[in-house]
Every structure is written in structure tokens, then in C-alpha cells.
Amino acid sequence: MELKAASVDCEDGNFSRSLNDLWPLDEMNPKKGRFPCCIVWTPLPIISWLAPYIGHVGICLEDGAVLDFAGSNFVNIDNFAYGAVAKYVQLDRKQKTKHLELIIQIFRMYPSDM
């Protein structure tokens, strides 16, 4: 999967327009496992039974694909390591979050595992 940066043609040097303005988010679809711009969580077997606040966390791209760290230097794409998503929180794209920038950094850190 290759990520390409969005090109912004701006003559006056004002780059305040964010990627949030470029396209609308897809709909949430838990049956298909699509959670656009979300942080997702699932319980870990046995551990979450004893301590319900412990679980496995993933982040989602704007198309809803789930990314999670499944092991040493390995990132799963659309294959959540410990089962289906149990809880999710959608991030507000209007705020100045670094969601997309963090995902791009992950791809750059572990390019050979994808």
C-alpha cells in the first residue's frame, strides 16, 4: 500500500487548509469492520476478564481500515489481531489532530512489514 501526499497548489503560501476539507468520511459500518477516523478497542481473552480496562487498541484510516500493532515491528491492516472491534471512538477531524501524520510515520517506520 503506497501513500501519496495530497498536493496543495497555493500561490500565497497559506497552507492552513487541512486534509479534512478534501473528502467526506465514509459511514460507520460495524458489520464490515469499517470505522473511519476512529480509535478502536477490543478485549484481550482472560486478561480483560480480570481487568476490564485492559485491551488491544488500533487506529483507523479515513476509509475505515483498522491498523494495529500485532507484534514486534509488524502492523496489521484490516485484520484486527484479537477479534472484532468492541468499542470505538471517532476522532473529530475539525480539531488539529495529528491522526494522519501519525499513520504516515508508522508506514515509514515499518515499510518492509506491509
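I began with His 56. Leaving aside neighbours within four places in sequence, I find His 56 in contact (heavy atoms within 4.5 Å) with Val 40, Trp 41, Thr 42, Leu 44, Asp 68, Phe 69, Phe 80, Ala 81 and Tyr 82. The model is predicted: local features need pLDDT of at least 70, side-chain atom pairs count only at pLDDT 80 or more, and totals for chains, interfaces and linings use all residues. Residues are numbered from 1 along each chain as its sequence is written, and side-chain values use heavy atoms, with hydrogens and water left out.

I placed His 56 in strand E2, residues 55–60; strands are DSSP runs of E, at least two residues, numbered from the N terminus. Is His 56 buried or exposed? His 56 counts as buried because its relative accessibility is 10%; buried means under 20% relative accessible area, exposed over 50%, partly exposed in between, with a 1.4 Å probe and protein chains only.

Next I checked polar contacts. The side chains of His 56 and Asp 68 make one at 2.7 Å. The term covers a pair of N or O atoms within 3.5 Å; within protein, one must be able to donate a hydrogen and the other to accept it, and residues adjacent in sequence count only if both atoms are side-chain atoms.

I followed Asp 68 onward. Asp 68 stands opposite Asn 76 in E4. E3 (residues 66–71) and E4 (residues 74–77) pair antiparallel over four bridges; pairing needs at least two bridges found by DSSP. The two strands form a hairpin with two residues between them. In the turn, Asn 73 has a positive phi of about 55°.

Last, I looked up Val 89. Val 89 lies in strand E5, residues 87–90. Val 89 counts as exposed because its relative accessibility is 53%.
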